[in-house]
Amino acid sequence: MTDQPVSPLGTTSTLPLPPPSANGSSSPPPSPAPTPSPAPAQAPKAARMHTRISGMRTSLIAAVAGLAVVMIFIIQNAHAVNISFLGAHLRLSLAVALLLAAIAGALIMAAAGTARITQLRRIMRRSRRTPPAS
C-alpha cells in the first residue's frame with residue numbers, strides 16, 4: 001500500500017506534493033495533468049508566428065532598403081533642371097523634382113482610395129439599416 005499525502009482538511013490527495021522550494025516559501029498547488037490528445041496522423045509543419053513586432057521589423061528593414069535606393073538616386077541625379085508648371089518656373093534638382101512628382105502621385109492615389117472606401121462604407125451602412133425585401 002502506498003502512502004498518499006494528507007491535506008490539512010484530513011482528506012487524501014491523488015496528486016503528489018511538489019518538493020519544497022529552496023527559499024522556504026510555499027509554491028502554488030499543482031494543477032491537474034492535462035489529458036494527452038491522440039497523436040495526429042501527420043506531424044504539423046512548423047508554422048512561423050507573425051506578430052505586430054515582426055511585421056514592424058520587416059517594414060523597417062524594407063524602409064531602410066528603400067531609403068538607400070532613394071539616396072543613391074538623389075546622389076546620381078543631382079544636376080539642376082528648369083521646370084515650368086502652370087506658369088510657375090523653378091530650377092530644382094532632377095531627383096527632387098521626380099521625388100515631388102512621385103509624392104504627389106501617391107497622395108492623389110491615396111485620396112482616390114479613401115474616397116472609394118468611404119463610398120463602400122456608406123453603402124454597407126445603408127444596407128444594414130434597411131431590411132431585405134421579401
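**Overall fold and selected residues**

The protein chain contains two helices and two strands; helices (H or I, at least four residues) and strands (E, at least two) are DSSP runs, numbered from the N terminus. Read from the N terminus on, these elements follow the order α-β-β-α. The structure is a predicted model, in which local features need pLDDT of at least 70 and side-chain atom pairs count only at pLDDT 80 or more, while totals for chains, interfaces and linings use all residues. Residues are numbered from 1 along each chain as its sequence is written, and side-chain values use heavy atoms, with hydrogens and water left out.

A look at the whole chain comes first. Of its 134 residues, 3% count as buried, where buried means under 20% relative accessible area, exposed over 50%, and partly exposed in between (1.4 Å probe, protein chains only). The accessible surface of the protein chain comes to about 12,600 Å², and carbon and sulfur atoms supply 67% of that surface; such areas come from the Shrake-Rupley method with a 1.4 Å probe, and for residues only the protein chains shown count as cover. Among contacts (heavy atoms within 4.5 Å) with a separation of 6 or more, 8% join residues 24 or more positions apart.

Next comes a residue in a loop. N77 sits between α1 (52-76) and β1 (80-85), and N77 counts as buried because its relative accessibility is 18%. Leaving aside neighbours within four places in sequence, N77 touches S93, L94 and A95.

Helix α2 spans residues 94-129 and includes L99. With 27% relative accessibility, L99 is partly exposed. Beyond its neighbours within four places in sequence, L99 is in contact with V70 and I74. The C-alpha atoms of L99 and F73 are separated by 9.7 Å, with the two residues 26 apart along the chain.

Two surface patches complete the picture. V96, L100, I103 and L107 make a nonpolar patch of about 370 Å². Of these, V96 belongs to helix α2 and is partly exposed, at 35% relative accessibility. A positive patch is formed by R121, R122, R125, R126, R128 and R129; Lys and Arg count as positive, and the charge of Arg is placed at CZ. R129, also in helix α2, is exposed because its relative accessible area is 65%.

Conventions: Patches are made of residues with over 30% relative accessible area and no salt bridge: like charges are joined within 9 Å, nonpolar side chains (Val, Leu, Ile, Met, Phe, Trp, Tyr) within 5 Å. A salt bridge is a side-chain nitrogen of Lys or Arg within 4 Å of a carboxyl oxygen of Asp or Glu.
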